[in-house]
Amino acid sequence: MTALLAAKDLAAGYDGHPVVHGFDLEIREGEVIALLGPNGAGKSTTMLTLAGDLPQIGGTVEILGQATTAPLHRRAKRGLAFVTEERSVLMGLTVAENLRLGRCDIARVLALFPELERLMNRRCGLLSGGEQQIVTLARALARRPRVLLADELSLGLAPLIVKRLLQAVRQAADEDGIGVLLVEQHVTQVLRVADRAYVMRRGRVVLSGDAADVSARVTELESSYIVEQQDAAGAADPVSQ
Ligand SMILES: Nc1ncnc2c1ncn2[C@@H]1O[C@H](COP(=O)(O)OP(=O)(O)OP(=O)(O)O)[C@@H](O)[C@H]1O
Ligand SMILES: [Mg+2]
């Protein structure tokens with residue numbers, strides 16, 4: 001089966017200076033993949049480059065087996081959706097108006113998020129942060145993209161909402177065959193819904209495999225995050241070196 005989205009030996013970064021090196025990934029139909037790693041590891045840089053928001057420095061990105069350097073709006077036409085922690089809803093409009101503007105399949109929205117039914121006529125500005133993010137995700141999923149890239153969708157939200165967003169992503173992958181790449185700080189929660197996971201450190205993938213295998217090494221991972229933070233603190237403090 002051709003991958004929906006693939007990266008091959010990708011180099012990504014800013015102003016011609018790569019901060020991500022040798023990144024290889026394939027997202028297949030119905031697969032949920034977690035991209036993990038400490039702050040500054042290169043997760044967002046990778047996501048922006050896969051989405052076409054940041055030009056790649058080396059290697060290739062392929063959509064359905066075809067290499068592309070197209071910007072995000074053209075990748076979106078080929079079925080790529082990109083969501084971040086920013087709530088991409090219009091606050092002055094109601095939930096229903098936001099969904100209509102997004103040309104969403106309302107029946108699909110309600111199948112994925114029945115809790116939105118009672119909120120349809122409420123202005124998005126009056127919703128909680130978690131509810132606004134549910135609308136953001138509902139809009140993205142109900143357009144039936146082939147691939148969803150989500151960078152810290154649930155940043156700063158309560159654990160129950162995080163769980164709800166992740167469940168909906170899993171459901172859309174299972175029922176609609178959407179391939180998903182998720183960057184999440186909630187490592188344990190995301191590994192419960194993911195099929196596979198990649199762990200990055202300092203711009204490179206240092207561990208990848210089935211979510212269950214990566215999950216079994218989560219303590220080791222978390223301690224590597226802490227070491228990373230200590231390294232950063234040490235670098236900033238020459239006395240401690
Ligand atoms: N606009 C930018 N210009 C130059 N360097 C940047 C820019 N944005 C990020 N970087 C650098 O690229 C590296 C990777 O950053 P990135 O944002 O991809 O990390 P991340 O894994 O998403 O971290 P976090 O978990 O904090 O979101 C870091 O060293 C960061 O300082
Ligand atoms: Mg980031």
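Axes are lines fitted to C-alpha atoms, for helices over the stretch in contact, and angles run from 0 to 180 degrees between N-to-C directions. Two residues are in contact if their C-beta atoms, placed from the backbone, lie within 7 Å. The model is predicted: local features need pLDDT of at least 70, side-chain atom pairs count only at pLDDT 80 or more, and totals for chains, interfaces and linings use all residues. Residues are numbered from 1 along each chain as its sequence is written, with chains lettered from A and ligands numbered from 1 in the order in which they are written.

The average pLDDT (the predictor's confidence in each residue, from 0 to 100) is 90 for the chain, and 91% of the residues score at least 70. Over residues 235-241 pLDDT stays under 50, and the model has two contacts beyond four places in sequence for this stretch.

Helices (H or I, at least four residues) and strands (E, at least two) are DSSP runs, numbered from the N terminus; strands pair if DSSP finds at least two bridges between them. Six strands form an open sheet of mixed pairing in the order β6-β7-β8-β3-β9-β10. Its edges are β6 (80-84) and β10 (204-210), each pairing on one side only. From one strand to the next the twist averages 15 degrees. Within the sheet, β3 (residues 32-36) pairs with β9 (residues 196-201) in the parallel sense over four bridges, and A34 stands opposite A197 in β9. Helix α5 (residues 129-142) lies across β6 and β7 (147-151) and runs at about 175 degrees to β6.

In helix α1 (residues 43-51), eight of the nine residues are buried (20 or more other C-beta atoms within 10 Å of the residue's own, C-beta atoms being placed from the backbone). Just after α1, G52 takes a positive phi of about 90 degrees.

Terms used: A residue is buried if 20 or more other C-beta atoms lie within 10 Å of its own, exposed if 12 or fewer, and partly exposed in between; C-beta atoms are placed from the backbone.
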